[in-house]
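Biologist: I would like to learn how to read a structure like this one. Could we go through it together?
Modeller: Gladly; here it is.

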2 protein chains.
Amino acid sequence: MSDIQGEIETLGMNARKASRMLATTDGQQRDAALRAMAAAIRDSAPTLLKANQKDLDAGEQAGLDAALLDRLTLNAERIEAMAAGLEQIAGLADPIGEITALKPMPSGIRVGQMRVPLGVVAIIYESRPNVTADAAGLCLKAGNACILRGGSESLQSNQAIAQCINKALASAGLPTAAVQVVQTADREAVGALITASDYVDVLVPRGGKGLIKRISEQATVPVIKHLDGVCHCYVDAGADLNMAERIVMNAKTQRYGTCNTLETLLVDAAVASAFLPRIVTQMTAAGVELRGCEQTQAISPSVGQASAEDWDTEYLAPILSVRVVDGLDAAMAHIEQHGSGHTDAIVTTDYARAQRFLRAVDSSSVMVNASTRFADGAEYGLGAEIGISTDKLHARGPVGLEGLTTRKYIVLGDGHIRQ
Amino acid sequence: MSDIQGEIETLGMNARKASRMLATTDGQQRDAALRAMAAAIRDSAPTLLKANQKDLDAGEQAGLDAALLDRLTLNAERIEAMAAGLEQIAGLADPIGEITALKPMPSGIRVGQMRVPLGVVAIIYESRPNVTADAAGLCLKAGNACILRGGSESLQSNQAIAQCINKALASAGLPTAAVQVVQTADREAVGALITASDYVDVLVPRGGKGLIKRISEQATVPVIKHLDGVCHCYVDAGADLNMAERIVMNAKTQRYGTCNTLETLLVDAAVASAFLPRIVTQMTAAGVELRGCEQTQAISPSVGQASAEDWDTEYLAPILSVRVVDGLDAAMAHIEQHGSGHTDAIVTTDYARAQRFLRAVDSSSVMVNASTRFADGAEYGLGAEIGISTDKLHARGPVGLEGLTTRKYIVLGDGHIRQ
């Protein structure tokens with residue numbers, strides 16, 4: 001075993017032990033720790049800025065680009081946001097210990113399910129140091145120990161944040177191993193972490209698609225992951241076109257870089273000539289490049305030509321592909337073939353078609369008459385979000401505290417035996 | 001791509017297509033197909049027996065042992081049980097389409113979760129041909145298409161059962177690709193199936209531990225799996241010893257070969273000299289071999305000596321390991337170290353210790369004053385069971401129809417856009 005594998009194994013064993021202790025804490029104690037974490041981060045702002053400056057200096061020397069350096073940067077506002085985020089998590093209801101549906105069975109036993117922590121959660125993320133506090137806070141709230149592996153470019157910042165967290169954990173009487181940061185920048189640590197099935201119950205990679213794809217292909221630990229967000233909006237023959245225009249504009253232009261941003265507009269042929277010129281004018285005015293199918297171009301000649309690739313592309317940019325389709329079934333077939341199972345919406349006033357779309361489209365969020373931009377933990381009332389899952393198992397769509405828990409069966413008897 | 005990979009890919013594409021159609025069927029149509037499957041199996045009994053005889057003849061020639069040949073055997077009773085099982089599944093409530101917790105959000109949208117099929121389920125199993133009908137029935141009820149890969153020794157039987165199923169699907173207006181049996185006995189097919197992430201949403205291996213371990217190590221498709229059942233019963237100082245005796249005897253001796261059978265008895269030192277002689281007498285009378293720790297042997301000298309290995313062993317046989325522990329914490333530490341996270345029970349009249357055990361023991365079923373033998377889908381009221389999961393994610397404990405489904409978010413708006 002290499003030194004790095006040994007380090008990960010030690011972190012794993014400590015995390016496992018801490019997780020057993022955390023599983024029996026009450027919510028008030030975990031909330032007190034979260035509030036102490038917020039206070040420690042506020043109090044240590046100068047130290048955090050100093051550590052962050054070291055990362056920034058090293059990053060500049062290493063030639064990181066401006067966007068990356070920006071993501072890496074801590075300032076007074078971002079430090080306050082970290083602290084406030086932890087306090088917000090402390091204010092959420094405790095998910096742990098809830099017993100659902102305790103029911104008597106014909107044998108006389110009572111059977112229910114109790115919500116319990118998953119155990120040990122590993123988070124692998126890229127440059128933003130605030131993830132260290134956010135992820136630690138969410139894991140702790142759900143009674144999990146966590147092992148955090150941030151980008152090597154933010155190691156100093158992450159360690160400084162972790163020190164605040166550990167001080168707060170100790171002051172609240174919780175094991176400091178409840179939150180551990182991988183100390184080495186060596187990439188071998190990632191490989192060791194994602195295969196540490198004995199110690200890690202679930203892995204949450206956060207970052208670019210490349211990172212997530214690589215990790216989920218190599219991991220033996222179960223992964224909660226988010227891949228593409230190729231989101232669709234289908235404007236049905238029965239749509240209120242004013243509403244459709246408002247929704248499509250919002251879904252595409254409210255923010256370009258988010259995973260729930262609209263990437264492909266599908267328009268029923270029955271309303272294409274009424275709707276397309278309007279939306280083309282609006283999108284063009286907003287600076288959005290349009291790439292359309294032949295029918296779209298025939299109606300709106302200013303639209304560029306979409307290639308086969310366009311239909312599968314998550315632009316994350318002011319570009320929209322547009323396709324005229326022959327009704328609901330064609331729209332759903334397009335989504336089935338080209339979608340990524342993230343978020344898809346229909347705009348319609350037709351009851352039956354709305355119901356069919358809701359039922360049949362196999363995506364983590366399916367919407368009627370609403371902007372795809374709503375696919376978000378906060379908008380769904382989850383309080384906080386560890387990520388958005390495009391997987392079908394365990395957690396699907398925005399993942400809040402519940403996704404960091406599991407349910408075990410509990411059986412209450414009074415000496416019952418099986419016949 | 002090899003021929004076998006090609007065959008699996010074709011099965012996968014057909015299953016995917018069928019699953020999209022199944023997802024929008026209503027429950028009555030699926031139930032009609034299930035009842036037609038039952039009827040077709042009853043009507044085809046002679047054909048099934050003939051196909052099964054071919055498997056049995058080949059099995060005898062290949063020198064399969066008696067136990068395996070017994071599992072492989074179909075007879076009138078087993079055929080009727082298959083048919084009745086399908087009718088029972090048809091009688092269960094439709095899990096699909098249920099919308100939970102549709103709530104208005106501050107933005108005005110309403111957000112809920114809809115239960116939907118997983119999509120395509122692959123089942124890999126060993127010799128019992130009845131799994132073909134059971135698994136197909138459960139998958140269909142939950143709106144999934146399935147690909148079935150039974151043991152090569154039962155291929156003729158499985159194909160004959162599949163023919164009944166396909167006839168019934170067609171008669172109910174459902175795609176026959178909703179249930180497909182892998183036609184080749186080549187083991188390469190298993191490798192292709194467990195890595196067919198584009199077409200298969202979840203894998204349920206059913207069989208011996210060797211099969212399950214191998215499959216889950218090599219699969220890239222998510223697996224719902226069951227490994228060990230090293231189940232414990234802890235007799236607390238506060239136990240009613242008559243109750244404890246009844247529960248422990250039932251948990252160990254009601255059936256030896258099941259995963260929820262008791263394998264290790266833990267006894268609080270405070271009641272060890274009162275309890276052990278009683279249980280040793282009873283177990284010995286029942287023909288159970290006892291292997292104990294030193295303290296156990298000091299109290300009951302007839303008990304053999306347990307080796308370090310015994311504490312980690314799932315006997316599936318009339319053997320019980322027995323350990324005296326120093327109270328609840330020591331019992332939970334033993335379970336944490338040696339348990340398999342399957343099913344563990346406490347016998348006690350003490351409220352606080354019962355609550356602590358329930359909360360802290362990290363197993364798929366945790367019981368108070370009940371026999372571990374209750375850990376079972378039917379006893380839990382699930383109606384039917386595809387297996388018992390010792391995983392923590394997605395499905396934990398007995399897995400019924402719900403484990404074969406997922407929930408997607410649905411958003412209902414009235415032209416809402418994100419601010």
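Biologist: How far apart do the C-alpha centres of domain 1 of chain A and domain 2 of chain A lie?
Modeller: This is a predicted model, in which local features need pLDDT of at least 70 and side-chain atom pairs count only at pLDDT 80 or more, while totals for chains, interfaces and linings use all residues. Residues are numbered from 1 along each chain as its sequence is written, with chains lettered from A and ligands numbered from 1 in the order in which they are written. The two C-alpha centres lie 37 Å apart. Domain 1 of chain A is 3-224 + 398-411 and domain 2 is 231-374, with bounds from an automatic or database domain assignment.

Biologist: How do I read a pair of packed helices, and at what angle do α10 and α11 of chain B pack?
Modeller: Two packed helices are described by the angle between their axes and the distance between the axes. Here α10 (residues 241-253) and α11 (residues 269-285) of chain B pack at about 40°, with axes 10 Å apart. That makes α10(B) oblique to α11(B). Oblique is what remains after under 35 degrees (roughly parallel), over 145 (roughly antiparallel) and 65 to 115 (roughly perpendicular). Axes are lines fitted to C-alpha atoms, for helices over the stretch in contact, and angles run from 0 to 180 degrees between N-to-C directions. Helices (H or I, at least four residues) and strands (E, at least two) are DSSP runs, numbered from the N terminus.

Biologist: Which residues of α10(B) meet α11(B)?
Modeller: Contact requires C-beta atoms, placed from the backbone, within 7 Å. From α10(B) come B:L241, B:A244, B:E245, B:V248, B:M249 and B:K252; their partners in α11(B) include B:F275 and B:I279.

Biologist: And what order do the strands of the open sheet in chain A have?
Modeller: Strands pair if DSSP finds at least two bridges between them. The four strands run β5-β4-β3-β6, with parallel pairing. The edge strands, each pairing on one side only, are β5 (179-181) and β6 (202-206). The twist averages 20° from one strand to the next. Five bridges join β3(A) to β6(A), and A:V121 stands opposite A:V202. Helix α1 (residues 3-22) of chain A lies across β3, β4 and β5, at about 145° to β4(A).

Biologist: How many residues does each chain give to the contact between A and B?
Modeller: Chain A gives 57 residues and chain B gives 57. On the side of chain A, β16(A) has the largest share, 11 residues. Strand pairing also links the chains: β13(A) and β16(B) pair in the parallel sense over five bridges, with A:A370 opposite B:H416.

Conventions. Two residues are in contact if their C-beta atoms, placed from the backbone, lie within 7 Å.
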